[in-house]
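Please read them with the structure open.

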Amino acid sequence: MPQFTPPTPFALEIHGLVKRFERPAVDGLDLAARAGEFYALLGPNGAGKTTTLRMIAGLMRPDAGSIHVAGIDALADPVAAKRVMAWIPDEPMIYDKLTPREYLAFVAGLWSVEPTLAAARADELLDWLGLAANADDRCESFSKGMRQKVALAGALIHEPRVIILDEPLTGLDAGSARQVKSVLRERAGAVGAVIMTTHILEVAERMADRIGVIAHGKLIAEGTVEELRRLAGDTAGISGGRGGGASLEDAFLALVAEPAAPAAEAEAA
Amino acid sequence: MIESGTVVWFARHESRLAWRDWLAMMTAGRRARLRSVTIGFVAFVIAMHAVAYFMVGRYAAAAADKPMLIAITATVLLSWLLMVSQAMESMTRAFYARSDLDLILASPVAAHKVFAVRISTVALVVAMMALPLAAPFIDMLVVRGGWHWLGAYGVIFAMGATATALAVALTVALFRAIGPKRTRLMAQIVAAAIGAAFVIGLQVAAILSYGTMSRTDVVQSAAVLAFTPDAGNVLWWPARAVLGDGGALIGVLAAGVVLLGAAIAAVAPRFGEYAVAATGAGDSRVSEARPAVFRPMTPRRALRRKEWILLRRDPWLVSQTLMQMLYLIPPAVLLWRSFATGGGGGAFNLLVPVLVMAAGQLAGGLAWLTISGEDAPDLVAAAPVRPRLVLRAKVEAVLGVIALVFAPLVAALAVASPRHALVTGGGIVIASVSATAIQLWFRSQAKRSQFRRRQVSSRVATFAEAFSSIGWAGTAAVAAASPWLAIGPAVIALGVLAGARYVSPHKDAIT
């Protein structure tokens with residue numbers, strides 16, 4: 001008897017995700033992003049953010065847990081999951097010796113996008129990202145911002161339903177960062193979910209519908225900025241201070257703060 | 001305490017960098033390997049001395065007659081051209097690799113001092129690189145012939161100095177003539193051509209004159225003896241210096257110092273200027289028609305196409321490929337001569353292993369570039385394409401290039417001798433597939449720009465690739481004469497492959 005899979009409102013669902021290297025990098029992570037949602041993943045260095053995203057993108061196999069992308073079991077059928085997904089790491093994955101247009105043609109070929117459609121989308125994306133004038137220049141002379149835009153165009157050419165980004169604004173100047181942010185915000189509503197890690201809390205605060213805070217490979221808090229502020233106030237007991245009327249930075253620091261060691265607490269007492 | 005900013009201070013800094021660079025190259029960045037590398041190096045030096053002891057006997061007490069002077073001069077010239085090639089490559093890298101250039105140019109020190117030291121270091125390194133091969137022979141000549149042979153060491157350092165001076169002049173001349181955009185590629189091609197030209201030129205001359213690929217026969221032939229100047233001519237000074245003539249040695253050393261000094265004085269003050277001009281000097285414009293880019297293609301075809309475009313546009317690879325192609329010139333001449341004279345059986349037997357060996361080596365380099373030298377590994381891994389299919393497409397890209405290069409030669413051979421063509425074709429396919437398989441088993445992520453260092457990432461892979469190519473070349477050579485006898489070398493080549501497969505690392509990455 002065929003198994004019935006109910007339709008899911010989630011673009012991304014993760015349950016009990018585990019990945020160990022020398023120590024657990026991701027430790028029983030549960031996370032869900034809704035369709036049309038912009039989800040930001042925050043966490044201190046080494047919290048397991050990039051490892052999580054690499055597992056979602058199919059670049060790394062988890063030791064345990066499940067990943068569903070747009071209802072597709074990404075571990076059972078990684079090729080089908082990759083077809084509806086785009087992955088952009090912090091370092092742009094482009095070829096120096098290809099032009100942006102050739103790069104987009106290559107990516108379109110990998111995702112089997114129909115050539116006429118791909119050519120039209122390429123023109124549209126290059127124009128939209130301000131790369132039209134350099135469309136036939138080799139990428140080797142491009143700045144970091146231009147390279148990131150080429151990578152972004154490559155990620156969008158097959159119209160993914162889930163876009164996964166790892167620190168996409170690292171090294172970008174203010175103008176390029178604003179442009180990339182507006183593209184991502186627009187795409188989140190238009191094509192599906194955007195899941196992004198960032199260390200720039202202001203970006204998460206302004207762009208994300210919901211924010212997940214990850215520490216030691218676990219999701220320790222999740223919600224809108226307001227919800228996180230309230231949660232930080234409750235857990236850290238700093239309502240009205242750092243948690244209540246404080247910024248997301250205060251809330252974040254309160255949430256990820258290490259519990260004081262007993263010896264240190266005794267000494268302080 | 002050395003005063004900072006002086007030439008000596010810079011020299012210490014440069015020598016430390018050069019030493020660490022060499023150490024990292026020999027140990028593949030793993031300090032734990034230092035001991036085994038040292039033991040291996042010492043064993044190599046001892047073995048080379050043993051080999052040299054038995055080889056130098058007839059030369060140790062040789063008189064400075066004309067045949068001897070010609071033989072030594074030819075050896076010196078060959079080594080010197082290789083040094084020029086090596087120095088040109090170093091100079092090109094010095095101009096185009098940014099590394100610490102910004103720091104030096106932004107600091108309040110006289111930049112020409114560091115560049116003078118840098119050029120001198122190139123000369124020293126080029127000379128030092130010749131020592132592991134030359135020193136055992138010189139030492140054994142000293143043991144068996146006398147102290148006068150020590151002059152050869154002086155000649156090596158003079159050769160390093162003059163080779164670097166010429167390399168500096170050539171690189172700067174290219175820079176001025178064709179501009180920084182094209183110099184990088186041209187310098188690499190010129191360096192490769194210089195390195196190969198002498199060997200190949202002699203082989204071609206030998207083939208045309210004598211129908212063999214022996215170089216020693218041609219340099220000591222009656223025609224060469226008659227054509228070359230008298231024994232007292234300045235042309236023989238380097239050879240005389242090697243044989244222990246003190247006056248000639250001083251002259252050769254003085255020429256080296258003067259030429260290198262002149263090159264430094266001319267270029268060091270403007271070195272920074274050249275290096276800055278080289279920044280971002282990529283030839284970035286492409287004149288391909290827009291509509292042709294987007295074609296109906298499967299992911300496999302997209303991957304193959306991408307690999308071929310990248311291979312075509314890789315300047316370093318162009319020069320490497322050119323080197324491989326240059327070594328195909330002698331067999332091509334041999335083939336052409338066999339056609340012209342109507343002979344061929346023996347010559348074809350010689351051709352078969354050369355072509356098979358060249359195919360194996362070329363396939364190894366290409367396979368590294370396509371498999372390990374993937375500049376966007378995450379993009380390919382994140383695409384909806386099965387990893388097996390990605391690798392298959394990359395292997396097809398390699399074999400496609402091999403087919404393109406070798407098919408015309410095999411086709412020409414088929415007209416003259418179908419049996420030899422069959423053996424050669426089979427050998428080329430097997431050697432190429434074997435070299436590609438070794439690169440697959442030992443694949444490790446690297447930037448394409450690190451091609452020069454691919455050998456140090458896995459020494460097992462490097463040796464396995466070389467021995468596999470030699471094994472299949474030997475198999476093809478024997479098979480061309482007697483197919484049944486080829487079973488022996490084929491088993492050895494398969495053993496090399498099996499051993500490489502056995503020790504290859506097991507990857508848990510999805511790609």
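Predicted model: local features only at pLDDT ≥ 70, side-chain atom pairs only at ≥ 80, totals over all residues.

1. Local features are taken up here where pLDDT is at least 70.

2. The four-strand sheet. Chain A has an open sheet of four strands in the order E2-E1-E4-E5, and its pairing is antiparallel. At the edges stand E2 and strand E5 (72–73) of chain A, each with a single partner strand, so one side of each has no neighbour in the sheet.

3. Pairing of E1 in that sheet. Strand E1 (residues 10–20) of chain A and strand E2 (residues 24–34) of chain A are antiparallel and share eight bridges.

4. The six-strand sheet. A second open sheet in chain A has six strands in the order E6-E7-E8-E3-E9-E10, with mixed pairing. Its edge strands are E6 and strand E10 (218–223) of chain A, each of which pairs on one side only. From one strand to the next, the twist averages 15°.

5. Strand E3 (residues 38–42) of chain A and strand E8 (residues 193–197) of chain A form a parallel pair over four bridges. Phe38(A) has Val194(A) as its bridge partner in E8(A).

6. Helix H5. Helix H5 (residues 144–156) of chain A has 13 residues and spans 18 Å from its first C-alpha to its last, close to the 18 Å expected at 1.5 Å a residue. Eleven of the 13 residues in H5(A) are buried. Among them are the charged-type side chains to check on screen, Arg147(A) and Lys149(A), as well as Gly154(A) and Ala155(A).

7. Cavities. How many cavities of 30 Å³ or more does the structure hold? There are seven. The largest cavity has a volume of about 80 Å³. Of the 13 residues lining the largest cavity, those closest to its centre are Trp87(A), Met93(A), Gly154(A), Ala155(A) and Leu379(B). Elements that give two or more residues to this lining are strand E6 (85–88), helix H3 (100–110) and H5 of chain A, together with helix H17 (377–382) of chain B. By type, the lining of the largest cavity has eleven nonpolar residues, two polar and no charged.

8. Positive phi values. Most residues other than glycine have a negative phi. Glu167(A) is not a glycine, yet its phi is positive, about 50°. Glu167(A) sits in the loop between strand E7 (162–166) and helix H6 (174–191) of chain A. His216(A), also a residue other than glycine, has a positive phi near 50°. His216(A) belongs to the loop between strand E9 (210–215) and E10 of chain A.

9. Surroundings of those two residues. Which of the terms, buried or exposed, applies to Glu167(A)? Glu167(A) is buried, because its relative accessible area of 14% is under the 20% limit. His216(A) counts as exposed, because its relative accessible area is 54% and the limit is over 50%.

10. A loop residue in chain B. Leu485(B) is in the loop between helix H21 (459–481) and helix H22 (487–503) of chain B. Leu485(B) is exposed, with a relative accessible area of 60%. Ten residues separate Leu485(B) from Thr475(B) in sequence, and their C-alpha atoms are 8.5 Å apart in space.

How values were computed: Residues numbered from 1 in each chain as written. Chains lettered and ligands numbered in written order. Heavy atoms only, no water. Buried < 20%, exposed > 50% of the residue type's maximum accessible area, 1.4 Å probe, protein only. Pairing = 2+ DSSP bridges. Expected span 1.5 Å × (residues − 1). 1 Å grid on protein atoms, 1.4 Å probe; cavity = no way out; pocket = protein on both sides within 12 Å on 5 of 7 lines; lining within 4 Å. Points joined across faces, edges and corners; volume = space filled by probe spheres on them. Axes fitted to C-alpha atoms, helices over the stretch in contact; angles between N-to-C directions.
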